[in-house]
Every structure is written in C-alpha cells, then in structure tokens.
Amino acid sequence: MPSFRGYQQQDAHEFLRYLLDHLHREMQGNKNGSPSPPVTSDEPNHASESKCFINGTSTIVTSVFGGVLQNEVYCLICGTESRKFDPFLDLSLDIPNQFRIKTTKDQEPGPTCTLSDCLRSFTDLEELDETELYMCHKCKKRQKSTKKFWIQKLPKVLCLHLKRFHWTAFLRNKVDTYVEFPMCGLDMKSYLLEPENSLPERCLYDLAAVVVHHGSGIGSGHYTAYGRHEGQWYHFNDSTVTLVSEEAVLKAKAYILFYTEHSDRESQSKL
C-alpha cells in the first residue's frame, strides 16, 4: 500500500483495517488467483452469516472478526423508519465528551470513563445534526431524524477501536482520557438486537490484546501492544518482549482492544 511506504508516522488502526481487508480480498481468490464472484441473494432477509460477507464471499477473516450491525434511521417529520445491515470487522467508539474535560491539580478527579460508557454512547439513540440530515424517501427531501445502532451478530473476536484522535477545523489533538476496561467477562448482551436469541455465554468476552499509542499527537508517538499467551501477559515494544502483570495491562490507555469469546476451557485447564 503506497501510503504506508517510507518512514512517515502511520496509524495502527488504519494499518489493521488495511491488513484485514487485504487478507480478506486475497483469500477470496480461486485456485487460479482470480477473485471469486460475489455472493448474491434474492432473499431480502437472508441469514446473518451471509450479511457478514464484506466485498464478496466469506473468508477466515470475516468468520473470525466479522459481525453485523443494524442501522435504524427514523424520520422525525413523517415517522418513516429505514433499516439496513452493515457488516463490520471492528467497532470505532467515541469517548463521551463529559469524560474529555481535563482537570487541574486543584480539582477533584471526575468519574472514570469505562468501556461500557463508550459502548452505550455508540448504541444510544442519537438525533442527527443539521450537517447529517437524512434523505427521507417518503418526504423526498432531507429531514431531521434519529439514528440508532444495534449489534445483530457478534464476532468470535471483538475488536474495539477507541477514537483517541480528535479533528477540528483548525487542529488535531489526542483524547488522553483513561478508559477502564474489563479483563474478562465483557457482557455484550445489552447491545444486541435480539438478546433472547443468543446464549448468555456467547455474549461474554475476555481480553486477549491491547494496542496503546504513546505520545501527545497524531503525527508523532509510538505504538506498543500487550498480548496474552498461555495465561501470561506480555508487553511487545518493537524487538523487546517483557513479561508484565495484569495490573500493568489494566492501567494502559488503550487505543485498540481485542476480545475473544469467553470459554471455560482455559479456567478448567488451570485447575
């Protein structure tokens, strides 16, 4: 990819998306190396697995990282509701504004932002502003509307990207807010479209890896990662790998979080 060549600073999330998308496209090729034809369906409400095809047929990439969102848009003028399914390989979450306020030394620290706060902000009902007016097919013009996301299908590996780089008309800055995240038992059930159709254990996730951005701006800094292997946590910093404690991982200001489906097999193997 030309934009990743050279020695300029690059974004870890952009690289992740490029890597997964490129792997997905490469693995869709047939034995002759040419792309496989895209899958089409005459059924308007076909199975959620087929909705998870991203640019063609399913691959190991979509079967591991692929989930499906339901995007609901409601016209506030005529009441028309539009629904569509969007496949995803990761979810990009805003850090809510109330947690971005920097406190001085004399101020008492405010409430801690949690990963649940970011997930709720992502899935909460939102009224679109004037710059995002919805094109209502019934009114035949752009109207005020609300938007809401539901998760229709959870992936095996849930990748959560925290939007730490904030863009304005005049500057780019980094949101340095600490976000508290669980080491195990992240419960995604309350964000599901049809929670009653999912087994409770299929909604629980355990942390597998964390990517951290060190530095104050988008054009500079350094990325490191924490990863779990055989019950131990390691810190990956370029060519250096160091054994670390769970407490060190939990203190990290996460940029990208990787969660895997909860399994009792690990805990049973330790007994």
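**A tour of aromatic contacts and a surface patch**

Select Phe122 and Phe149 to begin: both residues are buried. The model on screen is predicted.

Keep these two side chains displayed and look at their rings. A pair of aromatic rings is described by the distance of the centres and the angle of the planes. Phe122 and Phe149 form a stacked pair, with 5.1 Å from centre to centre and 10° between the planes. Now colour helix α4 (residues 115–123), which holds Phe122, and strand β8 (residues 145–153), which holds Phe149; the two parts are 27 residues apart in sequence, so the pair ties them together. A search of the whole structure gives 3 aromatic pairs.

Next, select Phe165, Tyr223 and Tyr255. These residues make up one aromatic cluster.

Then go to Lys148 and Trp150. Here a charge meets a ring: the charged end of Lys148 sits over the ring of Trp150, at 4.4 Å from the ring's centre.

For the last stop, turn to the surface and select Phe15, Leu19, Leu23, Met27 and Ile60. Together they form a nonpolar patch with about 450 Å² of accessible area.

Which helix holds Leu23? Leu23 is found in helix α1. Is Leu23 buried, partly exposed or exposed? Its relative accessible area is 38%, so Leu23 counts as partly exposed, a class that lies between the cut-offs of 20% and 50%.

Methods. Residues are numbered from 1 along each chain as its sequence is written. This is a predicted model: local features need pLDDT of at least 70, side-chain atom pairs count only at pLDDT 80 or more; totals for chains, interfaces and linings use all residues. Side-chain values use heavy atoms; hydrogens and water are left out. Rings of Phe, Tyr and Trp (its six-membered ring) pair if their centres lie within 6.5 Å; planes under 30 degrees apart count as stacked, over 60 as edge-to-face and the rest as tilted. Helices (H or I, at least four residues) and strands (E, at least two) are DSSP runs, numbered from the N terminus. Buried means under 20% relative accessible area, exposed over 50%, partly exposed in between (1.4 Å probe, protein chains only). A charge sits over a ring if NZ of Lys or CZ of Arg is within 6 Å of the ring centre and within 35 degrees of the ring normal. Patches are made of residues with over 30% relative accessible area and no salt bridge: like charges are joined within 9 Å, nonpolar side chains (Val, Leu, Ile, Met, Phe, Trp, Tyr) within 5 Å. Accessible areas come from the Shrake-Rupley method with a 1.4 Å probe; for residues, only the protein chains shown count as cover. A salt bridge is a side-chain nitrogen of Lys or Arg within 4 Å of a carboxyl oxygen of Asp or Glu.
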